[in-house]
Amino acid sequence: MKNTNRSKLLTTIKYFKPKLYKKMIFTGRLYEFLIRKIEINPDKMTFNIKDYAEAAYLCNIGFLALDEFLYLENFNKSNSFELIKEHVSRSVDYLENNKFEEVAKIVKLHHELPNGMGYFKIQNQDKLIAYLNIADEYIDLTIDYYKNTPLQIGSTASKIVLNKYKNSTLIQKDELTEIEEDLNLFYGRYILNV
């Protein structure tokens, strides 16, 4: 049932906020692409596998509340970091109020704190949340969404995102290499080829 609700919601966003739709769809698709090969141990999962996928698609819905600020002529992503972080708490509020309670918990965790300041404690316990963070941050760097923000090429974006995980005990070095290859494959196949 949730998937139907997500589909209706995304279809509405597609027509009214096409750039946000693209950001949300690409984050969800990249997440699903990244986890397709990993072994998922149900004992190490904090949530239902379907809820992780829902969270990947819906983690940026809070940008609807901030959209008007992101397109101002003088918008600068670096200087507006506090505003951008607000999307997490807005996403959580929306999801909790629309019967996506478990999804809201994942969305909150993929940035660690509702204000968007991460410290990776939970991500070092739940690999699926770490993968969600990787997908979300990678898409953020490679998809045009914010005004006046330069995009990164795929290989640069993957190095920026994966650098945070180089000392991770949850994601091993060989797995990081595979993730980087998958990010570059996804970039060439889906982001550049539009």
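Me: What makes a residue count as buried here, and what share of the protein chain is that?

Reply: Buried means under 20% relative accessible area, with exposed over 50% and partly exposed in between (1.4 Å probe, protein chains only). By that cut-off, 49% of the 194 residues in the protein chain are buried. Keep in mind that this is a predicted model: local features need pLDDT of at least 70, side-chain atom pairs count only at pLDDT 80 or more, and totals for chains, interfaces and linings use all residues. Numbering runs from 1 along each chain as its sequence is written, and side-chain values use heavy atoms, leaving out hydrogens and water.

Me: How many helices and strands does the protein chain have?

Reply: Nine helices and zero strands. Both are DSSP runs numbered from the N terminus: H or I over at least four residues for helices, E over at least two for strands.

Me: Why is helix 7 called largely enclosed?

Reply: Because 15 of its 16 residues are buried, the rest of the structure largely encloses helix 7.

Me: What does Ile-171 touch, not counting residues up to four places away in sequence?

Reply: Contact means heavy atoms within 4.5 Å. On that basis Ile-171 touches Lys-127, Ala-130, Tyr-131, Ile-134, Tyr-165, Leu-176 and Ile-179.
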